[in-house]
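Dear colleague,

Here is the structure I said I would pass on.

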Amino acid sequence: MTHDGVVTGELDAELVGEVLDVAEDQLSDYPPEVQIVEQNGRRLVLVGTAHVSQESVELVRRVIEREQPDAVCVELDQQRYQALAEQRKWESLDVKEIIRRKQLTTLLVNLLLAAYQRRLGHELGVEPGRELLEATKVADELGVPVVLCDRDVRITLRRAVRKTPFFRRIWLLATLIAALFEKPDLTEEQLEELKQQDVLNELMAELGRFMPQLKTTLIDERDSYLATKILRAKGDNLVAVVGAGHLKGMRERIEAGEEADLPSLEVIPPASKMWKVFLWLIPTLILGSIAWIGYTQGTDAAGANISFWILANGIPAAIGAILALSHPLTILTAFLASPLTSLTPLIGASYVCAFVQVYMRPPTVGELRHVGQDIGKIHKWWSNRLLKVFLAFLLPGLGSTIGSWVGAVGIFKNLF
């Protein structure tokens, strides 16, 4: 018989060998940014993307369709996913609530990072984050669950801001704004190089060299967070789509089976006790100095120093509001609020001015929708109402800070 057990077995062995050869050939054509990890009997395919590369979009679809995974993990949190999927990231923004929660700086940093990435995406002809959205679309087409593995971006930014010293925060903000307005002429070679990078994480790594606190929060912590969520995802065959900058750190943690304590990575650290003491010490010294001047030099001298404090604080803050082309009531608020808010660390003149500005001139839906494009154009900062709120936050706050130091030095001199 031609179909006896021996012949059939030989044919089966040959067929299995051919199938394995084909499978090996298919896997071998994956580029280096696709890495496969075998971990406790599970197959994890890690796809590193550039976030602004059309090649990354196509690669994500090809890998997921070929692997037919049990689940697709993506470097997105719920907020970013909804923003990409529904295209309404800024339209539903409640600016007043953000100001009440003192999260305006976090929002501004988020906007600057998004705008920086969008500008590079425009150079490369692809919308930032499209490869992550593509991963969710392919998963939906295949009926495969999607696992959102990233930490809430608001928590990430707030942890980064809180862990960064005050003056370095100013440096960070200035660096991001400067990077946004730079208009480099990119050569074809540079464009091709950008297509192979996770540009946002490249920026974070560069900043991390100057501020280790940023690298720890924005890169290392998220490596741990992403790796843990992937390890906890259900299924034996997974595809994970993440920024290329996370591949090395994630892979090390996944291969080691190292899971992080996720709740501890979601806590916003409080300000240090020494910083709180310092914030209360300055106004205490100023008020104490005025009282001492009144006791030793008379009430007229105390009154003159109070007037000096009001003018030294109020005028620079008001000038900042004027430079921001703020509403007249915002300018008046800057002058009146700065001398008072400078004597308490509970709230700054910048937040008071921003709240008044957004109350008097609330951003329109159209302005919220286009803020990502407008933020990269200098003149738009004075025409887009949301960006003008940022100006009404930054410039009076800067004026108030300058005025506080001038006022404090003047009063301390008058002690003698």
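Predicted model: local features only at pLDDT ≥ 70, side-chain atom pairs only at ≥ 80, totals over all residues.

The protein chain has a mean pLDDT of 79, with 75% of its residues at 70 or more. Residues 1–28 have a pLDDT below 50, and this stretch makes 7 contacts in the model beyond near neighbours in sequence.

The protein chain contains 19 helices and 5 strands. Of its 416 residues, 46% are buried. Among contacts with a separation of 6 or more, 80% join residues 24 or more positions apart.

Helix α6 covers residues 130–142. At 1.5 Å a residue its 13 residues should span 18 Å, and because the end C-alpha atoms are 18 Å apart, the model agrees with that figure. The buried residues in α6 include Glu131 and Glu134, along with Leu132, Leu133, Ala135, Thr136, Val138 and Ala139. After α6 comes glycine 143, with a positive phi near 70°.

The helix pair is α14 (residues 299–323) and α19 (residues 385–414), whose axes come within 7 Å and cross at roughly 160°. An angle over 145 degrees counts as roughly antiparallel, so α14 is roughly antiparallel to α19. The crossing of the two is right-handed. On the α14 side, the residues in contact include Asn305, Phe308, Trp309, Ala312, Asn313, Pro316 and Gly320. From α19, the contact residues include Leu395, Pro396, Gly399, Ser400, Gly403, Gly407, Gly410 and Asn414.

Regards

Conventions
Residues numbered from 1 in each chain as written. Heavy atoms only, no water. pLDDT = per-residue confidence, 0-100. Contact = heavy atoms within 4.5 Å. Helix = DSSP H or I, 4+ residues; strand = E, 2+ residues; numbered from the N terminus. Expected span 1.5 Å × (residues − 1). Buried < 20%, exposed > 50% of the residue type's maximum accessible area, 1.4 Å probe, protein only. Axes fitted to C-alpha atoms, helices over the stretch in contact; angles between N-to-C directions. Parallel < 35°, antiparallel > 145°, perpendicular 65-115°, else oblique. Left-handed = near helix turned anticlockwise from the far one by under 90°.
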